[in-house]
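Trainee: I have a new model to read and would like to go through it step by step. Could we start with the terms and then move on to the chains?

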Amino acid sequence: MTAGTLLSGQVTAGGLGLAASGAWTAEHARTLEPLVEHATRTDATVQRIIIDVTRIERLDTYGAWLIERTLRVWTSRGCDTRIVGLSDSYGNLFKKVRAGAGKLTPLPRRSNSITATLESVGRTMSAVFADIMLFSQMAGALVIAFLRVVAHPTKFRLTSMVNHLERVGWHAVPIILLITFLIGSILAQQGIFHFRTFGADIYVVDMVGVLVLREVGVLIVCIMVAGRSGSAYTAELGSMKMREEVDALRTMGFDPVEVLILPRIFALIITVPILTFLGSMAALYGGGIVAWLYGGIDPQVFLARLHESISVKSFAVGMIKAPFMAIVIGLVACVEGLQVKGSAESLGAKTTDSVVKSIFLVIVLDGAFAIFFASIGV
Amino acid sequence: MAIGRPDAVIKVQDLVVELDTRRVLNGVKLDLLRGEILGFVGASGAGKSVLTRTIIGLLPKREGLIEVLGVDLDKADDRAKQAIDRRWGVLFQQGALFSSLTAGKNVEFPIREYLGLSAKLTTEMAISKLEMVGLKPDVYRNFPSELSGGMIKRVALARALALDPEILFLDEPTSGLDPISAGEFDQLILTLQETLGVSIFMVTHDLDSLHRTCDRIAVLGDGKIIEAGTMDQMLASNHPWLKSYFHGARAHDDWHVEVKG
């Protein structure tokens, strides 16, 4: 296209005449901008501005805006401004550009950093409070749905629950077994490595047994389930919320908590203890194998020592926590799922929130259980 | 360059496109003339969006010629193709705004990438584009998730117009809009054509919109252009699909009067 362009100025009596020529288009805007800036340098004596655009060959919104901006700067200084030589076809373009305000209303001034920090702390606190309210609300709705199902057992969605059992339970077995096996092996290896210095190798069996059955088994399984099934619940419910499926259920007279959430949480309550049992066994097996191959502790010795060091109580402490953890994971996942708003970003954000919050709450709950069991002396 | 000279900005000849061995387009021939608004209709699944996406280079073709602004896209190298990309704007059906950017930054995106202007002028141009499509300047700071469907389409149109393109592709611009917004959008398209002189290729099912804005209409069926011409020619046509399309339950009586008169 036509080469670079020019805005030449000559001072006439009392005023300034500017002549524009060439192509005033987007691809030349970069070279035109400094020219326009130059043309608006203050010259206090100027009273009138005339811009002659007769020799402009091509004009688009960029050129029109640059010329319009020059005029606005001079007008704001109290000058008379005028465009001459504007053809009809470009007149409309100028009208369109001129109609706009061209600038944003300024944002309200930011408060200083101390109040801003306080504000964000306050907002976070109120969000935490709102979360607590939502969880209690959902827990209440669940209890009501549960009682309704107890009163009319035919209302329970057995098929749905079995489907979820398969997905969160059966399909999770291989990965849970693998992970807990590895964790048990690592615990045993580290124990042997350090206990060996004191000649206390055999106490590794006590450590692995107590740790796995009371704490590690259930924790690892719950973290895995929160990441694997909790996120899936949130994503499913969230996308159903996005596509108004949840609203559709409600308008047909069904309670979404009863239809969608109760079977999911029941599936988790059944699944997590089973997975915890399988996971604990796999971890003990892993520990035993490492103790044998790495620590030289014979499997028979391992079993005998295990028999002495742990009781059914240790096992029960781990297992009793599992259903409560399942309720927490399910509750968080379903609350977050129903919080999803219309957009795909919010679905992603809520799924992340769901996993983070449920893992956090699982660990807090585990701490609470530890305090409880310690105080009743188990 | 003078407006009114009927040279074609897009030339499509004997275009064949196959999707998974199914032949969707079979010898399409179509011209978009400079400065005109071409409405493009066809039954659902007839391949309207396939043709649009093939022209803008999102789908590969099997045979045929596509010439945009005098450049054969097959023979053009990457630089020439990018130069063409700068000279057209595309409005996708759902707007396709970048969700991580505000409306204003969406419009600024192509300006910033291609023109290298100062930050001040970039912002001013983005605001000017937003105002040109009938939005308030303060929409600049809103994220797409905070905007209504109609506003998203307008912001997307502003983005399509960001570089002052010579060709504009509109994919069902009025779908999902209420009749008032749709009417305003039609008016907006007409104004843009008048002021900027853009050539517009518009896929639409909106009969009102076709009637009000389009200079010419092209009809796609069986992988070919069945007919192309003015609205009056469409109304007068005897082709059975055209008859049921333009004289169906959704058509207005006053159009028929116009044909007779």
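Mentor: Let us begin with one term: two residues are in contact if their C-beta atoms, placed from the backbone, lie within 7 Å. Please keep in mind that this is a predicted model.

Trainee: What share of the contacts in chain B with a separation of 6 or more comes from residues 24 or more positions apart?

Mentor: Such residues account for 66% of those contacts in chain B.

Trainee: How many helices and strands are there in chain B?

Mentor: Chain B has 10 helices and 10 strands. Its C-alpha atoms fill a box of roughly 55 × 45 × 40 Å along the principal axes.

Trainee: Which residues touch the most other members of the largest nonpolar core?

Mentor: That core has 97 residues, and those with the most contacts to other members include L38(B), V155(B), F201(B) and M202(B). Helix 5 of chain B, residues 149–160, supplies the largest share of this core, with seven residues. Apart from it lies another core, of 54 residues, among them V208(A) and A326(A).

Trainee: Let me stay with M202(B). Which residues does it touch?

Mentor: Leaving out residues up to four places away in sequence, M202(B) touches I37(B), L38(B), G39(B), F40(B), L170(B), P173(B) and C214(B).

Trainee: Which side of strand 8 of chain B does M202(B) belong to?

Mentor: M202(B) lies on one side with I200(B), while S199(B), F201(B) and V203(B) are on the other, and all of these are buried.

Trainee: Why is strand 8 of chain B described as largely enclosed?

Mentor: Five of the five residues of strand 8 of chain B, residues 199–203, are buried, so this strand is largely enclosed by the rest of the structure.

Trainee: How many bridges join strand 3 of chain B to strand 8 of chain B?

Mentor: Four bridges join strand 3, residues 37–42, to strand 8 of chain B, and the two run parallel. Here F40(B) has V203(B) as its bridge partner. Strand 7 of chain B, residues 167–171, also runs parallel to strand 8 of chain B, joined by five bridges. In that pairing D171(B) stands opposite V203(B).

Trainee: Changing topic, in what order do the strands of the open sheet in chain B come?

Mentor: The four strands of that sheet in chain B follow the order 2-1-4-5, with antiparallel pairing. Strand 2 (22–33) and strand 5 (71–72) of chain B each have a single partner strand, so one side of each is left without a neighbour in the sheet. Strand 4, residues 63–68, pairs with strand 5 of chain B over two bridges, and V68(B) stands opposite V71(B).

Trainee: Now the other chain. How many residues of chain B are in contact with chain A?

Mentor: There are 22 residues of chain B in contact with 23 residues of chain A. Helix 4 of chain B gives the most to the side of chain B that touches chain A, with seven residues. The residues on that side of chain B divide into 11 nonpolar, six polar and five charged.

Trainee: Finally, how far apart do the C-alpha centres of the two domains of chain A lie?

Mentor: Chain A is divided into domain 1 (6–99) and domain 2 (145–375), and their C-alpha centres lie 71 Å apart.

How values were computed: Residues are numbered from 1 along each chain as its sequence is written. Chains are lettered from A and ligands numbered from 1 in the order in which they are written. This is a predicted model: local features need pLDDT of at least 70, side-chain atom pairs count only at pLDDT 80 or more; totals for chains, interfaces and linings use all residues. A nonpolar core is a set of buried Ala, Val, Leu, Ile, Met, Phe, Trp, Tyr and Cys residues joined through C-beta atoms within 7 Å. A residue is buried if 20 or more other C-beta atoms lie within 10 Å of its own, exposed if 12 or fewer, and partly exposed in between; C-beta atoms are placed from the backbone. Ala, Val, Leu, Ile, Met, Phe, Trp, Tyr, Cys and Pro count as nonpolar, Asp, Glu, Lys and Arg as charged, and the others, Gly among them, as polar. Domain bounds come from an automatic or database domain assignment. Two strands pair if DSSP finds at least two bridges between them.
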